[in-house]
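Subject: Handover of a structure

Dear colleague,

Please find the structure below, together with its sequence.

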Amino acid sequence: MRETGIKCFVSPGNDDKWEVDEALNKSETITNPEEKVVELDQHHEVITLGLTNHTPWKSPREFEETELAERIDKMAAGVKNMNDCIFNLHCPPYGTVIDPAPKLDETLKPVLSGGQMVMAPAGSTAVRDAIKKYQPLAGFHGHIHESKGVASIGRTKCFNPGSEYGEGILRGLLVDLTEKGIKSYLFTSG
Amino acid sequence: MLAGDITGKMIVPIVKQPDGTYLSSYAGSDIRCKSESEVQDLEKSIRDSGYYPYLTEPNEMAPLEADKNKVNQLFTKLMVDTVVR
């Protein structure tokens with residue numbers, strides 16, 4: 001990888017303990033972009049936040065929405081060209097097609113209705129509001145494994161490739177970025 | 001970009017038995033490996049499912065089962081080792 005000259009960014013999510021950062025930051029091959037503004041190429045910047053709002057699972061990196069908003073705002077203040085910026089925010093925007101997760105009861109079991117799992121929005125209002133406010137080129141999200149898809153918030157296309165890690169499948173997203181914006185995109189699985 | 005939740009979800013012990021075989025409780029079944037290659041296949045399967053295989057022996061399992069802190073320390077070590085690898 002090092003010899004290819006290809007930039008590779010690896011960042012933590014809410015399920016990752018804080019010790020992960022130290023391991024990532026030691027690498028000479030990959031870059032940990034967490035809570036930074038980094039240049040993807042000469043036209044596109046990326047801001048990254050692996051923290052999420054609170055979940056029933058009490059994972060290591062959960063914060064109040066106000067805290068998420070502050071951290072996003074701090075990074076956004078350092079972006080030179082918001083029109084071509086990518087918001088790489090682990091938590092998807094609240095109330096979109098890419099944030100429904102199974103609703104859980106008090107014992108953390110999925111709630112069923114008519115034999116089907118009941119779904120409920122689990123994304124972040126801070127992420128939604130930041131995308132509405134700043135209108136970047138794209139939002140790259142994850143966190144909610146069941147809700148692969150694309151959502152539009154104003155001019156911003158927000159993507160969630162979903163996850164099937166338990167099946168040994170890595171889901172991804174290929175995005176062809178040009179000076180004029182997103183030329184095309186393709187969800188991948190393998 | 002590889003963004004978020006790069007940590008495995010749990011440790012799956014593979015315990016060496018006195019007769020030289022390895023026993024593991026994984027995916028709802030007890031799995032016995034009779035050769036090193038079977039152990040390697042099981043380790044790969046466990047990793048591919050997002051877990052951490054851990055080769056161990058019965059005398060190490062007892063202290064782990066008795067002390068959650070030891071399990072947490074082991075989990076952190078396996079997590080960091082895997083990220084570095």
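Please note how the model is to be read. It is a predicted model, in which local features need pLDDT of at least 70 and side-chain atom pairs count only at pLDDT 80 or more, while totals for chains, interfaces and linings use all residues. Residues are numbered from 1 along each chain as its sequence is written, and chains are lettered from A and ligands numbered from 1 in the order in which they are written.

The core of chain A

A:Phe87 is among the residues with the most contacts inside the largest nonpolar core, as are A:Leu68, A:Ile72, A:Ile86, A:Val127 and A:Phe140; this core has 28 residues. A nonpolar core is a set of buried Ala, Val, Leu, Ile, Met, Phe, Trp, Tyr and Cys residues joined through C-beta atoms within 7 Å. A residue is buried if 20 or more other C-beta atoms lie within 10 Å of its own, exposed if 12 or fewer, and partly exposed in between. Two or more residues each come to this core from S3, H2, S4, H3, S9 and S11 of chain A, and H3(A) gives the largest share, 4 residues. Apart from it lies another core, of 7 residues, which includes A:Val10, A:Ala23, B:Ile6 and B:Val83.

The sheet and its helices

Chain A holds 3 helices and 13 strands; helices (H or I, at least four residues) and strands (E, at least two) are DSSP runs, numbered from the N terminus. Six of these strands form an open sheet of mixed pairing, in the order S2-S3-S4-S9-S11-S10, where strands pair if DSSP finds at least two bridges between them. Its edge strands are S2 (37-39) and S10 (149-153) of chain A. Within the sheet, S3(A) (residues 45-49) and S4(A) (residues 86-89) are parallel and share 4 bridges, with A:Asn88 as the bridge partner of A:Thr48.

Helix H2(A) (residues 65-76) lies across S2 and S3 of chain A, at about 160 degrees to S3(A). Helix H3(A) (residues 125-134) lies across S4, S9, S10 and S11 of chain A, at about 55 degrees to S10(A). For these angles, axes are lines fitted to C-alpha atoms, for helices over the stretch in contact, and angles run from 0 to 180 degrees between N-to-C directions.

Elsewhere in chain A, S12(A) (residues 171-178) pairs with S13(A) in the antiparallel sense over 8 bridges, and a hairpin of 2 residues joins them.

The contact between the chains

Chain A gives 22 residues to the contact, and chain B gives 15. On the side of chain B, the largest share, 5 residues, comes from H3(B). That side divides into 8 nonpolar, 5 polar and 2 charged residues; Ala, Val, Leu, Ile, Met, Phe, Trp, Tyr, Cys and Pro count as nonpolar, Asp, Glu, Lys and Arg as charged, and the others, Gly among them, as polar. S1(A) (residues 10-11) and S1(B) run parallel and are joined by 2 bridges, and A:Ser11 stands opposite B:Ala3.

With kind regards

Notes
Two residues are in contact if their C-beta atoms, placed from the backbone, lie within 7 Å.
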